[in-house]
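Good morning, colleagues. I would ask you to look first at the model on the screen, and then to follow me through a few of its side-chain pairs and one of its helices.

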Amino acid sequence: MNLTNEQKEKLNGALDRWVEEHREEFIRDVSDLCRIRSVSEETPGEKPFGEGCYEMLMASFKLAESYGFRTKNYDNYCGSAIYGDNPNGDSIGIIAHMDIVPEGNGWTHDPYDPVLSEDGKYLFGRGTADDKAPAMVGLYAMRFLKDHGIHLKNDVMLVFGLNEEKGSADMPEFLKREKAPKWSLVPDSKFPVGYAEIGFIHAQFAIPGVGEELVEIHGGEATNSVPDRAYAVVSGCTVDEVRAKLGDMERITVEEDPKGVRFLATGNSQHASRPEGAVNANNVLAKALLKAQVLHGKTREAMELFQLLTSHYYGEDLGIACEDDMSGKLTCVFTWVRREGDKLILKPDIRYPVTADQAFLMDALPKNAQKLGLEIQELGNNPAFSFPLDHPVVEKLIQVPREVLGMPDIPPLVLAGGTYARRLPNAVSFGVTVPDRVRLFGFEKGGAHQADEYGDIPNLMRSIKVYVRSLIEIDDLVAAL
């Protein structure tokens, strides 16, 4: 509905009071959820994304039910909490993910024992920014509506996703089992609204001919994070010999291993969509193995290729570098490596601009990869998308955050990352990061997928207000769709 200025003023006052009264409860709920290590893992059986995600789903249900919402379980692929009684099951979705990337290294405290800063402004822990606290913004917006007897034409459905960080395989399963929301808000970005998202190329390559001297190699956990640790075990050499060759090389240590020498590399992790300034531990490891001269013949050639591929972030070596004014440069980060049989298996994170020539990319990539000596094991395209800025719902979702946050000029966004919005009809990313969020540690840590990840409590409180206002103000527009 279109609120009058008097209605907005009255609603804003009620929100200010309610949000402040529930601040400590919000921190408690987020902290409880962030104690669960809900890293999504493909698992056969009744818990398709593993024990941690199942525990997370059950905790989410328990919390939502304690506040009086009905819940639905979609065969443990994901679940929902629902407010409202629309006779047709029409809804506005809030689609959040409760799975997380692995904790990584470099934390100053236990990543699964959330810590509140002394001033009460920042809550540190894995998931406090991405995406458990944003999910709670949605739940608390629903609580406000319920507590104040505000009934919308549409239900509000908060979806607890469990596989966003590993490819969003939960959303097709959700849509098989549930009527799709008429419009969905994804709290996994910044305000005001993400109206477009870049495209993704899913790929897996192999480098054949790896000899027995490379006993093991392991780099990367989640493919969408630049790895901060990688290791390899090499036989046929000694620690003293390796140390003499490496000299004072930074970010690398070596130690004895029952099977030879273990090389341990450290990097500086960042989200793979923002690789500028990151240090890829895979590249550090490859350089060290080459400098130590412990690999020979085809194995050394394989490592030279791996070193080349991990030394750039923009697809230059694969002949796919491109950019546009709307969304910037293509990024191609080789984040994951293992040895399987006599092959190195590589998984890159590849993201391309919204207006890029997809046919060219999907033709050039395999051709150039094969010229370099890579075998193509998997290759797929997840297309870019954009939503019209003049759509009435999008216009309202731009207007409301500007008003509530007092930021009249914040622009709509093109996302370099992918969210659930690309998996659903009529969906956009919508907050909950506020554009003036303080970066306590610059871009070195503190953000999504980084060590010492933290949620900004004052801005999360403001986000609840944005969500309440937005749900109310888009309700009529969505009902008319």
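**Salt bridges and a buried helix**

Glu-221 has a relative accessible area of 48% and is therefore partly exposed. Please bear in mind throughout that this is a predicted model.

Which residue does Glu-221 pair with in a salt bridge? The partner is Arg-338, and the closest N and O atoms are 3.9 Å apart. Glu-221 sits in the loop between β11 (214-219) and β12 (229-234), whereas Arg-338 belongs to strand β17 (residues 331-340), so the pair ties together parts that are 117 residues apart in sequence. Is Arg-338 buried or exposed? Its relative accessibility is 14%, and because buried means under 20%, Arg-338 counts as buried.

Let me turn to a second pair. Arg-35 and Asp-113 meet through their side chains in a salt bridge, at 3.9 Å from N to O. Here Arg-35 is in the loop between α2 and α3, and Asp-113 is in the loop between β3 (91-97) and β4, so parts that lie 78 residues apart in sequence are tied together. Arg-35 is partly exposed, its relative accessible area being 41%. Asp-113 is likewise partly exposed, with a value of 39%.

Asp-16 has a relative accessibility of 41% and counts as partly exposed.

How many salt bridges does the structure hold? The total is 31.

I now come to helix α2, which comprises residues 23-34. Its 12 residues reach 17 Å from the first C-alpha to the last, close to the 16 Å expected at 1.5 Å a residue. Which residues of α2 are buried? They are Arg-23, Phe-26, Ile-27, Asp-29, Val-30, Ser-31, Leu-33 and Cys-34.

What covers the buried residues of α2? The cover includes the helices α1 (5-21), α3 (50-66), α4 (132-147) and α11 (457-479), together with the strands β4 (115-116) and β5 (122-124).

Thank you; I would be glad to take questions.

Notes
Residues are numbered from 1 along each chain as its sequence is written. This is a predicted model: local features need pLDDT of at least 70, side-chain atom pairs count only at pLDDT 80 or more; totals for chains, interfaces and linings use all residues. Side-chain values use heavy atoms; hydrogens and water are left out. Helices (H or I, at least four residues) and strands (E, at least two) are DSSP runs, numbered from the N terminus. The expected span of a helix is 1.5 Å times one less than its number of residues. Buried means under 20% relative accessible area, exposed over 50%, partly exposed in between (1.4 Å probe, protein chains only). Contact means heavy atoms within 4.5 Å. A salt bridge is a side-chain nitrogen of Lys or Arg within 4 Å of a carboxyl oxygen of Asp or Glu.
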